[in-house]
Every structure is written in structure tokens, then in C-alpha cells.
Amino acid sequence: MNRHARAHAVSRRRFLRGAGVAVALPLMPSLLRGAEAVKPLTTGATTASGAPLRMAFMSIPNGVQQDHWFPKEDFTLNSTMQPLDGLKSQFQVIGGLDHEHATAGRDGAGDHARAGATFLTGARARKTAGSDIHVGISVDQVAAQKVGRATRFPSLELSADLVRNSGSCDSGYACAYQYNLAWSSATTPVSPEPNPRLVFERLFGSGDRAERGQNFAQRQETERSILDFVLEETGDVQRKLGAHDRRKFDEYLSVVREMEQRLQAAEKFTKLPETTADTPVGIPPDFGEHMAIMYDMLHLAFQTDSTRIGTILLAYDGSNRTFPGIGVPEGHHYLTHNQRNPELNQKVAAIDKYYIACLAKFLEKMAKTEDIDGQSLLHNSMIVYGGAIADGNRHSHDNLPVILAGHAGGAFKPGRFMKATSQPMSNLFVTMLNQMGVETNAFGDSTGRLEGV
Amino acid sequence: MQLPSLVRLAWGYLVLGLGWWCAGSVTVAQAEDNTYPAQVEPLLKKYCYDCHGGGEKEGNLTLDHFTSDAARQQDRALWWKVLKNVRAGVMPPADQPRPSSEELATLTQWIKQDVFRTDPNNPDPGRLVVRRLNRSEYDNTIDDLLGTRFDATILFPPDDSGYGFDNVGDALSFSPLLMEKYLRAAQTIVEQTVPTETWVKPYFEFNGRDFRGANEQTNGGRLPGKKAATVRRTIEIEEPGIYDVNVLVKLHGSFDFDPARYTVVFSIDGQEQTRNEYGWDEAKPQRYQFTPEWASGKHELVFELTPVPMAEGEKLEGVDRGSTDVSFEVNHVRIEGPRGTERRIHPRNYGQFFTREEPPADAAERREYAREILHKFAMRAFRTSVDRPTIDRLVDLAESQYQKSGQTFEKGIAHALIAVLASPRFLFRLEALGASQQDGAFAEVNEIALASRLSYFLWSTMPDDELFRLAEAGELRKQLPQQIKRMLKHDRGNEFVRNFVGQWLRTRDVTQVSIDPIVVLGHQEEYERLREEFRDLRRKPLSRKLSPEDEAVRKRFGEFRAIYDRFNDDMKRSMRRETEMFVEYVVDEDRSLLDLLDSDYTFVNEKLAGLYDIPNVRGGEMRRVKLPDGSPRGGVLTQASMLLVTSNPTRTSPVKRGLFVLDNILGLPSPPAPAGVPDLEESAKRFEGREPSQRELLAAHRDSPLCSSCHARMDPLGFALENFNALGMWREKEHDQAIDASGVLITGEKFQDIRELKKILRERHAAEFYRCVTEKMLTYALGRGLEDTDEHTIDLIVQRLEENDGKFSALLEGVIESAPFQKYRLPVATPTVNTTQEGSSP
């Protein structure tokens, strides 16, 4: 590494250090409450001790190299998960979960788009190139709509993938299926933010550290009056549209309504959380750094209790990204379809491990950050890492790669390889939703709860 | 439901004109209700039922299962599929007897008439599409409305595309995040452009381009960090005194990190004010303030950039592959003063928003003035007339602000302008609401809306003053041909090629494709080995003289670096420009679209010509060249842009290339795909452990009936392009095996190589190509996926193309004059509007 690249890395490190440790008081609203007395909140999304309970989901593309992924029965980790070795007591690997709706069924080609759409929805994506997009609400959004009001942002949708191909996406599926993990309704994807600077400014305000609070207050006031105007205008347009196809506009209207509610809810958050961290410069050129900094953003958001629900699209399914830094000049997707070749097979495993190493850093940081009840942030979290394709070569969708990290405040029992009997991945989501305080016995294609996690 | 007989007569008339495949079908067209049993069913029996009738259900499709005429006619999706497959020559299969052109016409006509219920005299224009502005439309519209450049690609999340285009209304979703961003953007844009005071101290303001270098091209707007440059600006002041000089510069870098550093010295009248070292960054702002004391007369401000020299080893490390860069921008320089002066002037842009010298003092007059300003602005911003309630709301907003103590009138207006930019009428294209002429079930869009449709189609932005003026005068439809010509010639016409061609032929993606030239050219192993050796070499003290072996390593490593340098962003941009300029040429010269399939010319500069083995092209400027005899190039299929975007990072992909041709050139319908990806392990075994060639591997696919339906269509097209490697360079061999580019199309034609394939496409598949391009352009123009009701419109345009030798103008005018572009379907009246949806007033 040369002089300048080094200087660059140092500044990045400095930022990361700032982000990780030094969050200035006053901390989060819940922390203040916590200072008085730790008592269970009625809003849900809390642990048994009354601390915030967080849920997060990260998606990896193209399945995994199976021979290197699953641990032994006694939880001895396989090669892909070596970077997680020091965290073994904090996560569990779950086997036996399936996504039936990611299979071809009668829909034919387009497995990657379908997998991306199914991962958090447990629903079958309608095969359309755009006119009638339909899949299902995603698990994070169910939680956000039920318990998201507890925090300034109901949920945070992030992405580390900037690649967008022009033209058609996977085999007749609209691109929305591939590039979005979160769906606020069956027809409305929630676009993720790839730029860490913009995430940071949403969380902590824009401008220099001193200006942030003032900018925030000013903007909130402006936005409130503008939004009133927008709502009236929207009503007018709605009337004019009459019986014309109003689907798109209804989608818009519900967004404006939600914005209004959010602003009202935000009145109780009159002050921005503060952090000593500097605003990130922008999108790091290196993919690993980009993932790392998006993980950092989620960590910051959790730490300051700005939200309790997050998703990170690490890379869209079907991603053909190259990893020259670890000796893989070939594209990921291309490699997964050439697994007869042992050499290429090793490269797929190397990519899987690369993704895991980034996850490990995030989990370590979560494990080292203390929450209001004295436990770690990770302890008070439920973090799912995986994808809706099991084997990237054959495109199977049963026995999916799933890691569940965190104790959910003590409710979960990590530190083992949990082999579930074959059942829908959605069962895990039902369990997690219940844990979040969402009373439901069904989600997506669930057949019940996944017990014993 | 019966069609009136008049309509049926009209059908006969129309069908007469529909080209070769309709010849002799007049009697058919006039036939009465027994068309199906008398004419159509016998055809289906003859050509289809062997596989799709009498209990056979090949591909899970039957045609004879209907219990009534009504049921048969209601399954529009099925007959649409039949129509597409039969017309494309995909069905019946190549080895089966095929219907004659008359028979095909009979079937086509029955489907359009009895199933789709198309009235040829008044075709269904389709539903009204509500479209959000996408990122480039937003940027362009803001630029035209306010004269300021906004970069939505950084701030807004990417737009999802549908049907291959990012302007398809149904796919352009809306989320709270996006709304937040629109609110934020509106505030930022207004803060940057709208004055908030009536009078300010005298000032000078400059942007980067106002600082000029030694030659015409050099200016402070963008100075590359690896090249020394000096830019300067002289001002002349009258009043002597202390001036406040505020400098805002921005540091930029390519997407990928670049280690280069540079120093910039800023001086006033030859005196150094500040000296800074900068490097790679993402639009990072840096602010400086100075307070020089000036005598009246001329003063000079100078930025001098000097690259920081880099050690040889750092360059070769591989971090800098030549495709990255750093640059410096003089963003804004403001000079105000002198301090204590009594003189006052209007702030920047004042006249653009405010028509009077000063806002009136009287409250009622103020309100009236506010109304004037806001009405004028909102009309342009909404691209249509504005209702009184909306104006009232805007005036109220402005007033609520400027009546606050300490607030100016201008601040109030600025506040209301933020609201305009956040309004759904700005963010969505709703111009068409409010029809001019109703024609039964359909309405013609009014001229203002037509102006908007035209400008977003051809310019990706709002209409200009001329379009607005014509539309308001009701003259636009009359002057349509002249206006189309004018619009294409206009600078903004580039947007059409950039966005339409950029997505149709995927030229937008070329610069972001990562292909590793070292691997593609077969040097990977040597490169990996050398990299190790070179690393060792760098650990040796620099002073020591290198051994001949070391010297050889160093030299060879330098050669590899040259390979990376060759395939840098410059090369990729040239590739993109080739395809763009090629289409621009077809547009400007009104050439035949068939040039896109095969041509004897293309566009290159020295770099690209080198890639194509075209001699005697010097310099970086792209220009049209005639291709040497026997050159395989010519037409989009052999252009590097297409060849690159359809390759994998280390090798070609015949499947992706074949699919690209199917989807974007021939428009062949997608066949039924297998229910799951079959296991190819079995078929792989027959290669007995050796690495099979791509051709052998795909042959294995085609042996499986499950795969063959698709791969028999894609593979021959892809293999025909195998003579081009993943970088678009010609090759005769791969892994020491001669490349076999021959094949048979699913429609039966045999070819030896790409030259023959291009000839076959141009001579025998022009109709499919016309149809494909028409469908793509119509989708882009309408912002929606095509429906079965559009089949007739497409037929008309294809016919027009055939009658005009495929000229581009026939296509463009055909699209613009088509019913879906000019009209929209009125909604079927519904009982009552859901009132709960409206109760939105706070």
C-alpha cells in the first residue's frame, strides 16, 4: 500500500473508530428513559429487560458453496465461517429452512429475481416486466408498520450494491424484484440507500457538527408546512384522476400520509442524536469498505436508537461482481454456474468467506457496544444473514444458508447448529415478529412458528 | 359483443394495405361470424393441433379446449402468444409445414378483430399512465426551469426499470425515502437559485468556467489533477477598499480510488494566498476566505495546479490502472465589497423570478405581486395551466412566511417555490388530465399535454418556450413534422439517444462493465507470477542497479500495465460513443434502420480503430469511417459496446449474446422456460473429466428437450459472435481451438460466420427487426408496457417502415402520430369516488 492509499485508509479508520465508540451523551431517548428506570415499553420492540430489541436482515447473492458452508453437528465451523469463530456463542446456523416461492413453479426462468423478491417476503413474485408488480410485504416492514413508531425512523433500508444494469432485468421480471429487499406492501418496494453520507445525514443531520442541530430544526419546520400543501394538492389531483388508473398515485398518497405521520411522530424527537463521528465522505470505491461502512451506519442507527429495524442488500441476487482483491477476477454469478470445476468452486467459497468476514466485523462491533441494560447491542438483537438460493449452481431453494445472530435479549439460544425439520423460512420470520411484539401467527407462506431458536 | 359491420368493412380496407402477408385476404376480412369455424379452425387443425390439440399439450398449451366462442375470445393472453410466435416464425417449428402468408393473415386478422376487438379506424390508445419523473428527467427539468444543474444520480436512489426502460410509470415506485429526498432537494435547489433579498452589496460572482487557462479547453470547471494547469480571472473595481473574497472549490475523483495528489496555489495579484495539497475525494467542498485591500482598477485571481510527483513504484503497484482520476473544480468565487459602501444592487438571478424593481409596500399589492410571480412559475413547473385553489395555497404559503418579522418578501416567495417543486404536479407527469377532444371511449390529449409528451420523449425534459407557445395557440398538432425536426436537431436531442439507445442497446452500461483484459488475453498466470516477483523487486533498495532478469521483470510488468491502460475508461467511452454516434447518424441522415443490422461504416477514434484493426485513424476524436473490405464490423452486433456488456468478466457468453439479439434485435418471444434448472452433471460426464468447450457444453443443453426450446434460439446467434472476444476484439481461435461460428437459425437459415448472419438478418429478417425496434421505441415513448390492444398500432408503424425502406423518420413519426401517443382511454365510469381517499385536509 502506498503513502496516499495509506493516508486514505487511516482517515477511514479514524471515522470508523469514531462511529464505533464515541457517541456523545445525551444518547437515545430510550437511554434517557433507561436512566430513570428500565421498564418495559408498551410499544413492542423491546427485550425482557426493557431495552430496545432490534431486527436486521442482510442478503447475499447467488447461494453459497454448500461443502464449505454448513458447520459440523457439534458446531465446529466449516471453512467459510472461520471469520466468525470468535463469535460462536453469539450466533446460530440454521438448517432446513426453505423458500418454496423462490422455485420456478410455473414461472420459468428468472431465478435470481425471484429469489431476491422472495427472501424477506416469503411470497411469489408475479412474473411481470413492470405493469403489475406484486409480491408481498416484507417481514421488516410488517415490524416497522407495527412497532416502528417507537423510533425516529420506523426502519432503515440500505444497500452496498451500486450496479444497475440497463434494459431488462432477470428473464422477464421487473428490476424492482432484484434491487429491493424491503416491500412496504405487496406492490411497493422500498428503495434502499447506497450512499453512507446520505444515511448519516438522515440520522444525524447535515453540515458541520455544530450546524447539524440547527439545520435539522429548520428543515423540519419547512418540511411540515410544505407537506401540508402537498397533501392538499394530492387531494386535488386524486379527484381529477377520478376513475383513471390510480394505482401509482395511491402509492404516492400513502407515502405522503406516512411522511405526515412520521413528522408528527418526530415531534417527540425534537433533538437529533449526537455523535462525534465525522460525516462519511461518500461511497467508498472498494466493495468491502462499502459493505463495512453500511454495516457501520446500521450499527450507529441501532446504537442511537434511531431505528430498531434494518435491511442491507449486500449485493443483488444474480450479481456478477468480481473480487480481484482476493484473486477472483471472474464474476460471482458466472462462477456459481461452473462448479464442476474444483478450482472455480474454491473461488466461490472464497467469495462466500469474504462476505462472512464483513459480517463478522459488524457482529464484533455489535457485541462490543453496551446497551442500556448492560448487555451488548448484539445480545439485544435478531440478525438474519442469508439468501433465498441455497446452491448457486443448481439453484435449489431448500436448506437455505441462514445465520441468526443475537440473543433477542435472552430469548434465543445461539451458539449451535440448529437443524430444523424442513419448513418455510417464513416460520422463522413469524417467530421473530412475535419477538418484536407483533402478534401474528402467519407471515408469507408460513406454516407456523420456528420453535427452539 | 358484436362489432358493427362498418368496422368489419374498414378491416377489409385496412388489411389490403398491410403488406405482403395480407395479400388476398379481402374476402376473409369481409366474412361474417363464421370466420372461426370456416377459416381459422381449419388452419389450427392443419398446423397446430398435432402438438396443441386433441389431447396433446406440448409446452402446456392447448388451443382446442374452449367450450364456447365467448370463452375462446376471452383468452386474450393465449391468442396474443399464438400471434407472436406464429408471426415470428417460431411456430410451427422449423421442421414442420408452415402456413402461407395468406393463412397467416387470416389468423392475424381474426385475433386482432375477434379477440382483441380492435377498431382499425379508432384503435384503443390504452390507459392513461401516471409517471413520476425519473432521475435524468428530474435533473433536466430542474435545469430548464431554474437554470441550475442538480445531480440526482448522487442524491436519489436509482430508478427501477420495467420493460427495459427507466421511464415506465408502473415501475417507477415511490417510497418515504424518496419523498424525503424530494423535499430535501427542493429546499437545496431553491436555496441555491432563488434570491432572498431585494438589495445586496455590490458583488462579483464567478463559477469555474469563468476562470480561463492558456487554451480554449482549459478552465476552472474541471482541472485534471495529473496535469499542470493555471487558470485566471481579472476583475475591474471602481471603489477602493477592503473586499471579501469567498472561494469554494471542490475535490473530485473517479468512482474508484486514485492515489494521485496535487497542489493548488491560489493567488491574488501575484501574491500567494493559500497553498494546499489535495487528492482523491467525492465532490468534497473546501472553503477559503480572504480580505484583500484593493485600489480601484484591475485585479487578477489565479489558481495554479501542480501534480505531486509519484514514485515509479507506486504507479506500477496496480492501484492506478489508468481508468481512475482525480480532479479539481473551482466551484464558486464571490467577491463582495468594499466594506462600508453605500451602493446596492440586485442579487444574482433576481430578474429571473422577480419582475419588479422592488416588492410593493402595501399588503394587498404584495399579495397580488406574489400571485403574479407564483402563477407564472407554477405554470411552467407543472407544464400545464394551474387552478386557482393551487395558486391561492401558494400565495398563502408565501404570505405566511414574509409576514413573519425579519423575513423578506423574497424569502416568502422562495418558500412557496419549494412547495411547487415538492408538489405531485411537478414530480408526476399529470399534464394529460383534462382532455381536449373526446372521441367516444377515447380522448385526444390537449396540446399542452402533447407538448409535454413530445419533450419528455425526445428531450427527457419539460417543453421549451416554443413548444409551450405553439401548444397554447393550438398550433402544435398542425406543425408537428417541423417541430419533430427542430427537436431532433436541438442540443437536447442527445438525450433521446443517451436514454433510449442507452437502455435499448445498453450503451449506458459499457463504462461500468468490469472485464479483466489480462485474463481475457490469456496472461493471467504470467501476470500473477510476475506480480510476486515485482513485489520482491520493489523491496530492494532503489539505488542498486537492477540485474538483467530484474530488468526483464520490470519491463514485462510495464507491458501488462499498458494493457490495463489500453482498456481504460477512455476506451469504454469511445465504445459507448461509437454506438451512440452510429444511431445519431441514422437519425440525422434519416438512414434505414437496417444499417443497424449491417453497414459499411462505423465511428471510431485511434484507440477503437486499433481494437477493430482499422488502419490510418489518428487521434482521439471519434469520426465516421468506411470499413475496409471484408471487415466483419458494421452494425450494432459487431460493436464493442454490445460485445462487452454481454460478456462475463473473464470470457464471452454466447448465451448472453444470443439472448441480447433475441430480445433487442429480433424481438423473438420468450419461449416457455423449464420448471427448474436441470442437472447437467450427467451430460457433463461424457466429457470424461476434460474441460468442454462452450459449444460442447451448450450442445449438452440442447440435447435436453427441456432446454432446447430456448437454447436452439439463442445459441446459434451467440456462437456467430464467438469470433469476438470479451473485449470486442477479433479472434480466430480460443484455447488453440479454431472457432466455429457457423449455425442454423431457428427459422432454418444456415450461415458460416457473422458476415453471413448479418446478411441474412438484413435481407430476410427486416420485418422482425422493424417490429422489435417499434416495440422498444413505443414502450419508451409511452412509458408503459405494450398490451395486446397495441398490436394494431405496431402493425401500422411496421407497415410504414416497410413502405419507406426502413427510414428512421417513418418510425419516429409513426410513433408520435400513433393513437397511444396522441390519445388516451377514458375510464369506465365508476359509481362514486371513494370519499375517504379525499379527506386529506388537515
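# Salt bridges and a helix in a predicted model

B:R556 and B:E559 are joined by a salt bridge, with their closest N and O atoms 2.6 Å apart. The model is predicted. A search of the whole structure gives 82 salt bridges over all chains.

- An α-helix has 3.6 residues a turn, so residues three or four places apart point the same way.
- B:R556 is partly exposed, at a relative accessible area of 26%.
- B:E559 is also partly exposed, at 34%.

**Helix 24 of chain B**

- Helix 24 of chain B covers residues 569-588, which is 20 residues.
- At 1.5 Å a residue this helix should span 28 Å, and the distance of 27 Å between its end C-alpha atoms agrees with that.
- At the start of the helix, a side-chain oxygen of B:N568 comes within 3.1 Å of the backbone nitrogen of B:D570.
- B:D570 also takes part in a salt bridge, its side chain meeting that of B:R573 at 3.3 Å, N to O.
- B:R573 and B:D570 are three residues apart in helix 24, and are therefore separated by about one helical turn.
- Just after helix 24, B:D590 has a positive phi of about 50°.

- The side chains of A:E330 and A:K347 form a salt bridge at 3.1 Å, N to O.
- This pair links distant parts of the chain, as A:E330 lies in strand 8 (residues 328-331) of chain A and A:K347 in helix 12 (residues 342-368) of chain A, 17 residues apart.
- A:E330 has a relative accessible area of 7%, and counts as buried because the cut-off is under 20%.
- A:K347 is buried as well, with a relative accessible area of 11%.

**A network with residues from chains A and B**

- A network of salt bridges links A:E232, A:E233, A:D236 and A:R239 with B:R393 and B:R425.

Definitions and conventions
Residues numbered from 1 in each chain as written. Chains lettered and ligands numbered in written order. Predicted model: local features only at pLDDT ≥ 70, side-chain atom pairs only at ≥ 80, totals over all residues. Heavy atoms only, no water. Helix = DSSP H or I, 4+ residues; strand = E, 2+ residues; numbered from the N terminus. Expected span 1.5 Å × (residues − 1). Polar contact = N/O pair within 3.5 Å; in protein donor to acceptor, adjacent residues only side chain to side chain. Salt bridge = Lys/Arg side-chain N within 4 Å of Asp/Glu carboxyl O. Buried < 20%, exposed > 50% of the residue type's maximum accessible area, 1.4 Å probe, protein only.
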